[in-house]
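Student: I'm new to this structure and would like a close look at one part. Please walk me through its pockets, and what lines them.

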Amino acid sequence: MNSKVIVSPLHAYVDEQTTIQISGCNPKDKVRIESSMLDQKGNVFKGCSTFQANEQGEVDLSKADTQADVAELFWAAEKENTRHGDYFFKSDASEVEIELQIKINDQFKETVQLKRYFYKEDIVREGIHEQGIVGTLFYSASELAQPAVLLIGGSDGEIQEHAAALLASKGYTVFTLAYFGQQEGVPKDLEKIPLEYFYDAVQWLKARANQEKISLIGYSRGAELALLLASTYDEFTSVVAGAPGAYITSGLKNGIYAPIPSWTLNQEELPFLKFKYRFAQMFAMVGGMVKKKPVSFLSIWENSLQSPEKIEDCRIRVENIKASVLLIAGGQDQIWPASQFATQVEEKMNDQNVHVLHYKEAGHFLGFPYALPGMPANVNEHVGGRLIMNCGGSKSANAAATNSSWNELLNYLRDYAK
């Protein structure tokens, strides 16, 4: 048997489709394809799929109806030696290297090396640390007048360079802004961050990109911030809020929620939602940690949101938003009730210029910039010690929502990011 393997393209953007063709097998041979890749922390993620050669001794994964089989090699990859899987960590814009091993009837035949990029030489990466503003700018080396996007991350405090770079490759000038975390020049904790900092970043980006208004994209705590900024400042053509919040929530100390204000405006602390815990809830969460089982945080939110009239002062005034808004939410989100929040935002905006993508079976990590096509889908996250966060959904549901919402986001920006 003289098998032949063709994988195309070997080098491509991370969201491009991959085709695989294997020939020279015997009819009905078992063909196993194993994928392996490293995340930014050096963790190994592996996936595999098994196929049967047809009567011509071929496995043809090049047609449209086989793309889901190929994509599963990437989104279904799991971290090695973990009971509940783990989060595929990626925030820098370096390429992802993927190894495919081909086995026929359990006999190794060939290894194929792939590289998946977020940007190439036509995009410029520029670190920004000026006028008190910290982040990374990605823009075209040849196209000067492009729509501008401000990208803000969530409670991990990371700047999402990989996502900014990929979006820049689609025809945008993208500035991913640091506002707390480990970057030099910003506070370590999410505590009393002035909204004026973001306003200044918007003015800087508008001047740099020569645009009158810009688009704003945020995710999770970044989505809360995006809606808050758009309700405060009329500076945006469009706003994308992934896994959105509807209330101003408390700050973070060392990555953990703490009873401190997140944001200030005009040097005044903005009111924030205070969590209410029940003993049974805390007992269940501690029990999950002891058993090293994934823990959901939904029950805390359910308890804290029971009296809307008492927390009205910390609700984000989304009815003041003048820009178009796109909301992306998963019905199985276990970090906070994003789907409920999205519905509330839509109702408060009175359906005016608001678009909502509800993915019933998906969890928290279902969209850009924390979920991208061609990368492992995330469900659980080991955050330290015995704590494993259940972020909701399943790998298949989150991957499907990621692919769908990415295409929807690009279509939305084409219409509204001007």
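Tutor: Happy to! Helices (H or I, at least four residues) and strands (E, at least two) are DSSP runs, numbered from the N terminus. This is a predicted model, in which local features need pLDDT of at least 70 and side-chain atom pairs pLDDT 80 or more, while totals for chains, interfaces and linings use all residues. Residues are numbered from 1 along each chain as its sequence is written, and side-chain values use heavy atoms, without hydrogens and water.

A pocket is an open set of points, on a 1 Å grid over the protein atoms alone, where a 1.4 Å probe fits, with protein on both sides within 12 Å along at least five of seven lines; lining residues have an atom within 4 Å of a point.

Two or more lining residues come from each of strand 18 (256-257), helix 5 (279-290), helix 6 (298-304), strand 23 (380-384) and strand 24 (387-390). Helix 5 supplies the largest share, 4 residues.

Now for the second largest pocket, with about 510 Å³ of space. It is lined by 38 residues, and closest to its centre are Val 14, Ala 71, Pro 373, Gly 374 and Asn 403. Helix 1 (67-75) and helix 8 (395-416) are the elements giving two or more residues to this lining, and helix 8 gives the most, 7 residues.

Definitions and conventions
Points joined across faces, edges and corners; volume = space filled by probe spheres on them.
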